[in-house]
Amino acid sequence: MSTQIDLVPVKPTTAIVGEADTARKGRGSKWFRLLVNDRVATVAAVILGVVFLTAIFGPMLVGNLATHIDLDNSNQAPFTLSHGWANVLGTDPLGRSMLARLIVACQTTLSVAIPAVVISGVVGSAIGMWAGYYRGWRETVAMRVADVIMSFPSLLLAVVVLYVFSPSAANIVAVLAITRIPVYLRTARAESAELQSRLFVDAARTFGASARSIIWRHVLPIVLPTLLTVATLDFCYVMLAESSLSFLGIGIQPPDISWGLMVSQGRTYLHTAWWLSFFPGVAIVITTVSATILAAWARIATDPGQRWRLTVPQKRLSKFTKTTKAL
């Protein structure tokens, strides 16, 4: 008596890819739920999303309204629709739309802040993980270079360099990126130095994995959440530094425009046309505060010991906190 068994062919590759896609989607939905549970962080994320979309698509929508001169409508007060929707936030002394100039200045400000953060983050993190993994003279050299850079106040160093060289967006990005490298270098070095003696790193080294592979596959995924949190906070500093340099007159130069330069140009009209400095100042404050709130959320979301706070509804969490304090 023989039993016939029908074998059904299985496509392992397709199954594995499908499971990977499902896991990836599950991680994405998990982070989305964590963000939605924190209402303040959700509002901050929406504000930053609007700011980034404005910087990307806004200048195409406003066209030449930011440079169109209309002396008959100079220094028009805001919130009056009699002069068109473009002048809802008022006009400057040349009759140019404040709303259009804010949108164009948003693109200029972010085009300086984002590249500076990305360059300093990538270079500093790579050097820091390399130095922390190998230790020895590599770590010593990297840390001494970082100490030398950090011994000079970054804003003061930027003022000196931009005073010697011509102020431009490229020079501002280069100066701010170089001065912020030690922040990422020291953070990545500390994390990598602690991880290089872990058991899973020793196991990967025992099985013949190269140092580059260990850093890329094992060290970077663990260090990345911390680096992203630092980068979000550093984005606020870089944007404020660019605004400060533009306010001092050694940052973005006309005919280009940034939020800091708009504040600088409007300070002589504070008593007669307060909106010239008020609206770009508010834009700077709202963007930096939103980035700070999102960085605080990211720090909690990436910490397994604190992540439970984002899974509990806000009302229940506040009651739990009050009860804990009472005890």
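Contact here means heavy atoms within 4.5 Å. By that criterion, 70% of the contacts in the protein chain between residues at least 6 apart in sequence join residues at least 24 apart. The model is predicted: local features need pLDDT of at least 70, side-chain atom pairs count only at pLDDT 80 or more, and totals for chains, interfaces and linings use all residues. Residues are numbered from 1 along each chain as its sequence is written, and side-chain values use heavy atoms, with hydrogens and water left out.

**Overall make-up**

- The protein chain has 11 helices and zero strands; helices (H or I, at least four residues) and strands (E, at least two) are DSSP runs, numbered from the N terminus.
- Of its 327 residues, 38% count as buried, that is, under 20% relative accessible area with a 1.4 Å probe, protein chains only.
- The chain exposes about 19,000 Å², of which carbon and sulfur atoms supply 68%; the areas come from the Shrake-Rupley method with a 1.4 Å probe.

**Nonpolar core**

- A nonpolar core is a set of buried Ala, Val, Leu, Ile, Met, Phe, Trp, Tyr and Cys residues joined through side-chain atoms within 4.5 Å.
- The largest such core has 54 residues, and Leu110, Ile172, Phe235, Trp259 and Met262 have the most contacts inside it.
- Elements giving two or more residues to this core include helix H2 (39-62), helix H3 (98-134), helix H8 (211-248) and helix H10 (275-301).
- H8 supplies the largest share, 15 residues.

**Helix pair H5 and H6**

- Helix H5 (residues 154-164) packs against helix H6 (residues 169-195) at about 145 degrees, with axes 10 Å apart; axes are lines fitted to C-alpha atoms over the stretch in contact, and angles run from 0 to 180 degrees between N-to-C directions.
- H5 contributes Ser154, Leu157, Ala158, Val161 and Leu162 to the contact, and H6 contributes Asn171, Ile172, Val175, Thr179 and Arg180.
- These comprise six nonpolar, three polar and one charged residues, where Ala, Val, Leu, Ile, Met, Phe, Trp, Tyr, Cys and Pro count as nonpolar, Asp, Glu, Lys and Arg as charged, and the others, Gly among them, as polar.

**Helix pair H3 and H4**

- The axes of H3 and helix H4 (residues 136-150) come within 7 Å and cross at roughly 140 degrees.
- Ile127, Trp130, Ala131 and Tyr134 of H3 meet Gly136, Arg138, Glu139 and Ala142 of H4.
- This contact divides into five nonpolar, one polar and two charged residues.

Definitions and conventions
Buried means under 20% relative accessible area, exposed over 50%, partly exposed in between (1.4 Å probe, protein chains only).
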